[in-house]
Amino acid sequence: GYKNVATYIQSGNVFFETRATKNETLVKRIEKGILEALGFEVETMVRTIDELKEIENAVKAADRGGYIPCFDHSVPPIISYEDYKAYLDILGNMLND
């Protein structure tokens, strides 16, 4: 189950607490629930509180005059997981400076 469920304005973002620890399991449960309730599929992402704090740090960096590269869609298939992970590592180091 989920506790303290709340939506954030009309963004589609939902905040909640759960004892579950595997994001993949949560994603499958949530996507299945949306499909059953609404009749269509929705791609879902689950972020931990620590991941949300990293996002908050990125926003603070942008406020200082930086910028945040982001993807509106999936990473193209020509980009290897290793290259994408290296990019995320470099980006993380830049944002933590």
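Two strands pair if DSSP finds at least two bridges between them. Helices (H or I, at least four residues) and strands (E, at least two) are DSSP runs, numbered from the N terminus. This is a predicted model, in which local features need pLDDT of at least 70 and side-chain atom pairs count only at pLDDT 80 or more, while totals for chains, interfaces and linings use all residues. Residues are numbered from 1 along each chain as its sequence is written, and side-chain values use heavy atoms, with hydrogens and water left out.

**View 1. Strands S1 and S2 pair in the antiparallel sense.** Four bridges join S1 and S2. Lys 3 stands opposite Glu 17 of S2. The hairpin of S1 and S2 has four residues between the strands. In this hairpin, Ile 9 takes a positive phi near 35 degrees.

**View 2. Strand S1 lies largely in the open, because zero of its six residues are buried.** Buried means under 20% relative accessible area, exposed means over 50%, and partly exposed is in between (1.4 Å probe, protein chains only). Asn 4 is found in S1. With a relative accessible area of 56%, Asn 4 is exposed. Its phi is positive, near 50 degrees, in a residue other than glycine. Most residues other than glycine have a negative phi.

**View 3. Tyr 2 and Phe 16 form an edge-to-face aromatic pair.** Rings of Phe, Tyr and Trp (its six-membered ring) pair if their centres lie within 6.5 Å; planes under 30 degrees apart count as stacked, over 60 as edge-to-face and the rest as tilted. By this rule there are two aromatic pairs. For Tyr 2 and Phe 16, the distance is 5.0 Å centre to centre, with 80 degrees between the planes. Tyr 2 lies in the segment before strand S1 (3–8) and Phe 16 in strand S2 (residues 13–17), so the pair ties together parts that are 14 residues apart in sequence. Tyr 2 is partly exposed at 35% relative accessibility. Phe 16 is also partly exposed, with a relative accessible area of 27%.

**View 4. Tyr 8 and Phe 15 form an aromatic pair, again edge-to-face.** Their ring centres are 6.4 Å apart, and 85 degrees lie between the planes. Tyr 8 counts as partly exposed, at 46% relative accessibility. Phe 15 counts as partly exposed at 40%.

**View 5. Lys 32 sits in helix H1 (residues 23–38).** Lys 32 is exposed, with a relative accessible area of 52%. Val 42 is 10 residues from Lys 32 along the chain. The C-alpha atoms of Lys 32 and Val 42 are separated by 9.0 Å.
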